[in-house]
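Reader: I am new to this structure. Could you take me through it in short steps?

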Amino acid sequence: QVQLVESGGGLVQAGGSLRLSCAASGRTFENYAMGWFRQAPGKEREYVAAVTWRLSGGSAYYADSVKGRFTISRDNAKNTISLQMNSLKPEDTSVYYCAADTADGSRWNVLPFGSVRYWGQGTQVTVSS
């Protein structure tokens, strides 16, 4: 059974930092891009960042809203990805979902949510002003 399990969410003040992690299990994720989406109350789920699979480190892609503040990384040996979030803003408040799909990471910004192959259960990030 494939599982994506997120951790690291919480409450932080504006300007602060949080690091999210996602542990994947149940299959090999070779040739799968992995990444993050988020969903705020009353809003649609939106793409945050993605990292492709490469034997020696993948390419990272970001939504414009987080570029320069968030950094995604991947550890193929441990089947994990992380999202370092700096300079957090109240508008970053959302449930953050880990995801995995065979679509290349460069196309995740236009990937239909319903087509994403695997999802985690989500972790809450709250940024207070």
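**A hairpin, a sheet and a core**

Author: Gladly. The model is predicted. Strand 7 and strand 8 make a hairpin, with four residues between them. In the turn, asparagine 79 has a positive phi of about 55°.

Reader: In which sense do strand 7 and strand 8 pair, and over how many bridges?

Author: Strand 7 covers residues 70–75. Its pairing with strand 8 is antiparallel, and the count of bridges is six.

Reader: Which residue of strand 8 is the bridge partner of threonine 71?

Author: Strand 8 spans residues 80–85. Within strand 8, threonine 71 has as its bridge partner glutamine 84.

Reader: What is the bridge partner of arginine 19 in strand 8?

Author: Strand 3, residues 18–25, runs antiparallel to strand 8, and six bridges join the two. In strand 8, leucine 18 has methionine 85 as its bridge partner. For arginine 19, the partner in strand 8 is glutamine 84.

Reader: Beyond its neighbours within four places in sequence, which residues does methionine 85 contact?

Author: Met85 is among the core residues that touch the most other members. With those sequence neighbours left aside, the contacts of methionine 85 are Gly16, Ser17, Leu18, Leu20, Arg69, Phe70, Tyr96 and Val125.

Reader: Is aspartate 92 buried or exposed?

Author: Aspartate 92 sits in the loop between strand 8 and strand 9. Neighbours within four places aside, it is in contact with Arg38, Arg69, Phe70, Ser87, Val125 and Val127. Its relative accessibility is 1%, so aspartate 92 counts as buried.

Reader: How does serine 87 count, buried or partly exposed?

Author: Serine 87 is also in the loop between strand 8 and strand 9. Its phi is positive, about 50°, although it is not a glycine. The relative accessibility of serine 87 is 38%, so it counts as partly exposed.

Reader: Is asparagine 31 buried or exposed?

Author: The loop between strand 3 and strand 4 holds asparagine 31. Its phi is positive too, near 70°. Exposed means over 50% relative accessible area. Asparagine 31 has 53%, so it is exposed.

Reader: How many residues apart in sequence are the parts tied together by cysteine 22 and cysteine 98?

Author: The structure holds one disulfide. Cysteine 22 and cysteine 98 form it, with sulfur atoms 2.1 Å apart. Cysteine 22 lies in strand 3 and cysteine 98 in strand 9, so the pair ties together parts separated in sequence by 76 residues.

Reader: Is the link of cysteine 22 and cysteine 98 left-handed or right-handed?

Author: Both cysteine 22 and cysteine 98 are buried. The angle about the S-S bond is -80°, and the link is left-handed.

Conventions. Residues are numbered from 1 along each chain as its sequence is written. This is a predicted model: local features need pLDDT of at least 70, side-chain atom pairs count only at pLDDT 80 or more; totals for chains, interfaces and linings use all residues. Side-chain values use heavy atoms; hydrogens and water are left out. Two strands pair if DSSP finds at least two bridges between them. A nonpolar core is a set of buried Ala, Val, Leu, Ile, Met, Phe, Trp, Tyr and Cys residues joined through side-chain atoms within 4.5 Å. Buried means under 20% relative accessible area, exposed over 50%, partly exposed in between (1.4 Å probe, protein chains only). Contact means heavy atoms within 4.5 Å. A disulfide is a pair of cysteine sulfur atoms within 2.5 Å.
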